[in-house]
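Good morning, colleagues. Please look at the sequence and the model on the screen, and I shall take you through a few places in turn.

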Amino acid sequence: NLGYMYANGEGVTQDYKDAMKWYRLAADQGYAYAQYNLGNMYANGYGVTQDYKEAMKWYRLAADQEDADAQYNLGYLYANGEGVTQDYKEAMKWYKLAADQGNADAQNNIGLMYDEGLGVTQDYKEAMKWYKLAADQGDANAQFNLGYMYANGEGVTQDYKDAMKWYRLAADQGYAYAQYNLGNMYANGY
């Protein structure tokens, strides 16, 4: 908690170096949340030089304790080849573990992998399933993706009314691409 307070400047002046000190003390004792936060500090270069390999180490320790956010971040690093060789199958493994715990970002990214055929056979219906799980939790990315699939008839019958519904949900959260697509639909009378 001290690490979190220093990292976020809550009740103290923000100080990433002090945050790192307290996170490391807790992480070295096996506390998954501190391990996850150390991973974030290394991944983003907060208080340390950005180091994806070190981030991977801490995320994996937390992920092995079933921390869904750490599992998602491992999936993200594998999908993007940050700190490791890009490996979509390994990304899918970690995304799936996080998604099974209800992590909406992981669910959306699994949908994206099926949508684009990254490490899996392209399957729009499977993509829709995962996007819907995330969208129902309020994930703006997934809502946008559902809107796009309905607008273009990918995995579903083309349905502009449903596309508008999903774009609007994402747009209402400030998601710029959804706002743009919603504007285009109005401009073109869809």
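This is a predicted model: local features need pLDDT of at least 70, side-chain atom pairs count only at pLDDT 80 or more; totals for chains, interfaces and linings use all residues.

Ala27 is buried, at a relative accessible area of 3%; buried means under 20%, exposed over 50%, and partly exposed in between, with a 1.4 Å probe and protein chains only. Residues are numbered from 1 along each chain as its sequence is written, and side-chain values use heavy atoms, with hydrogens and water left out.

Ala27 lies in helix H2. Helices (H or I, at least four residues) and strands (E, at least two) are DSSP runs, numbered from the N terminus. Which residues does Ala27 contact, leaving aside its neighbours within four places in sequence? They are Ala34, Gln35, Leu38 and Trp58, where contact means heavy atoms within 4.5 Å. Leu61 is 34 residues from Ala27 in sequence, and their C-alpha atoms are 9.0 Å apart.

Let us turn to the helix pair around this residue. The axes of H2 (residues 16-27) and H3 (residues 32-44) come within 8 Å and cross at roughly 145°. These axes are lines fitted to C-alpha atoms, for helices over the stretch in contact, and angles run from 0 to 180 degrees between N-to-C directions. The crossing is left-handed, that is, the near helix is turned anticlockwise from the far one by less than a right angle. On the H2 side, Tyr16, Ala19, Met20, Tyr23, Arg24, Ala26 and Ala27 meet Ala34, Gln35, Asn37, Leu38, Met41 and Tyr42 of H3. This contact comprises 10 nonpolar, two polar and one charged residues. Here Ala, Val, Leu, Ile, Met, Phe, Trp, Tyr, Cys and Pro count as nonpolar, Asp, Glu, Lys and Arg as charged, and the others, Gly among them, as polar.

Now to two glutamates in loops. Glu66 sits between helix H4 (52-63) and H5, and is exposed, with a relative accessible area of 57%. Most residues other than glycine have a negative phi. Glu66, although not a glycine, has a positive phi of about 70°.

Is Glu154 buried or exposed? With 18% relative accessibility, Glu154 counts as buried. Its loop joins helix H9 (140-152) and helix H10 (160-171). Beyond residues up to four places away in sequence, Glu154 touches Asp115, Tyr124, Met128, Tyr148 and Met149. Between the C-alpha atoms of Glu154 and Ala127 there are 9.4 Å, with 27 residues separating the two along the chain.

Next, the largest pocket. Tyr76, Ala79, Asn80, Tyr88, Tyr95, Asn109, Leu112, Met113, Glu116 and Leu118 line it. Two or more of these residues come from each of helix H5 (68-80), helix H6 (88-99) and helix H7 (104-116), and H7 gives the most, with four. By class, the lining has seven nonpolar, two polar and one charged residues. A pocket is an open set of points on a 1 Å grid over the protein atoms alone, where a 1.4 Å probe fits, with protein on both sides within 12 Å along at least five of seven lines; lining residues have an atom within 4 Å of a point.

Finally, the whole protein: it has 11 helices and zero strands, and 44% of its 190 residues are buried.
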